[in-house]
Amino acid sequence: IPGMYIQGHILTDSASVQALPEAAIAQMNEEEVVFMEVDSHDGEQSYKPMRIKKGEAANGWVAIEFYEKVPADAKFVQNGAYYLVAEMQKSELEHSH
């Protein structure tokens with residue numbers, strides 16, 4: 001249609017990177033983190049915050065780099081990271097009284 005505009009993306013290069021959905025990333029103690037599932041001894045799910053460096057974002061996904069080594073078979077929370085941060089902070093407050 002004459003006079004109409006479109007927006008598009010042109011792929012000029014490709015690279016294999018680690019990426020997670022934007023909802024998997026949260027701020028905790030002024031650092032960006034994702035949550036890795038860890039073995040728990042009581043049968044409940046447990047998560048460990050892992051510091052990351054964010055890279056480029058596209059289509060709801062963000063490239064990430066870890067500051068420490070991560071097992072190849074690691075599982076990460078895909079959304080709700082801010083909920084886990086809130087629960088951790090709530091737990092810390094309860095234990096400090």
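Q: Which residue's side chain meets that of Glu31 in a salt bridge?
A: This is a predicted model, so what follows is computed from its atoms. The pair links distant parts of the chain, with Glu31 in strand β3 and its partner in strand β4, 20 residues apart. The N to O distance is 3.0 Å, and the partner is Arg51.

Q: Is Glu31 buried, partly exposed or exposed?
A: Buried would need under 20% relative accessible area, and exposed would need over 50%. Glu31 has a relative accessible area of 32%, so it falls in between and is partly exposed.

Q: And what is the relative accessibility of Arg51, at the other end of that bridge?
A: The salt bridge joins the side chains of Glu31 and Arg51. Arg51 counts as partly exposed, and its relative accessibility is 37%.

Q: In β4, which residue is the bridge partner of Val33?
A: β3 and β4 pair in the antiparallel sense, over 6 bridges. The bridge partner of Val33 in β4 is Arg51.

Q: With which residue does Glu32 form a salt bridge?
A: Side chains of opposite charge can pair when their charged atoms come close. For Glu32, the closest N and O atoms of the bridge are 3.5 Å apart, and the partner is Lys54.

Q: How many residues apart are Glu32 and Lys54?
A: Glu32 forms a salt bridge with Lys54. Glu32 is in strand β3 and Lys54 in strand β4, so the pair links distant parts of the chain, and the separation is 22 residues.

Q: Where does Glu68, the salt-bridge partner of Lys48, lie?
A: The closest N and O atoms of Lys48 and Glu68 are 3.5 Å apart. Lys48 lies in strand β4, and the pair ties together parts that are 20 residues apart in sequence, because Glu68 lies in the loop between β5 and α1.

Q: Which residue in the turn of the hairpin of β4 and β5 has a positive phi?
A: β4 and β5 pair in the antiparallel sense over 5 bridges, and Ala57 stands opposite Val62 in β5. The hairpin has 2 residues between its strands, and the one with a positive phi of about 55 degrees is Asn59.

Q: Is Asn59 buried or exposed?
A: Asn59 lies in the loop between β4 (46-58) and β5 (61-66). The cut-off for exposed is over 50% relative accessible area. At 73% relative accessibility, Asn59 is past that cut-off, so it counts as exposed.

Q: What is the phi of Asn29 near?
A: Asn29 sits in the loop between β2 (26-28) and β3 (31-38), and it is exposed, with a relative accessible area of 63%. Its phi is positive although the residue is not glycine, and the value is near 55 degrees.

Q: Which strand supplies the largest share of the lining of the largest pocket?
A: About 530 Å³ of space lies in this pocket. Its lining has 20 residues, and Asp13, Ala15, Val17, Glu56 and Ala58 lie nearest the centre. By class the lining has 11 nonpolar, 4 polar and 5 charged residues. The largest share, 6 residues, comes from β4.

Q: How about the second largest pocket: which strand gives the largest share of its lining?
A: This pocket holds about 180 Å³ of space, and its lining includes Met36, Glu37, Pro71 and Lys75. The lining has 4 nonpolar, 3 polar and 5 charged residues. The largest share, 3 residues, comes from β3.

Q: How far apart in space are Tyr82 and Ala23, C-alpha to C-alpha?
A: Tyr82 is in helix α1 (residues 81-95). Leaving aside neighbours within four places in sequence, Tyr82 is in contact with Ile25, Ala26 and Gln27. Tyr82 and Ala23 are 59 residues apart in sequence, and their C-alpha distance is 8.1 Å.

Terms used. Residues numbered from 1 in each chain as written. Predicted model: local features only at pLDDT ≥ 70, side-chain atom pairs only at ≥ 80, totals over all residues. Heavy atoms only, no water. Helix = DSSP H or I, 4+ residues; strand = E, 2+ residues; numbered from the N terminus. Buried < 20%, exposed > 50% of the residue type's maximum accessible area, 1.4 Å probe, protein only. 1 Å grid on protein atoms, 1.4 Å probe; cavity = no way out; pocket = protein on both sides within 12 Å on 5 of 7 lines; lining within 4 Å. Points joined across faces, edges and corners; volume = space filled by probe spheres on them. Nonpolar A, V, L, I, M, F, W, Y, C, P; charged D, E, K, R; others polar. Contact = heavy atoms within 4.5 Å. Salt bridge = Lys/Arg side-chain N within 4 Å of Asp/Glu carboxyl O. Pairing = 2+ DSSP bridges.
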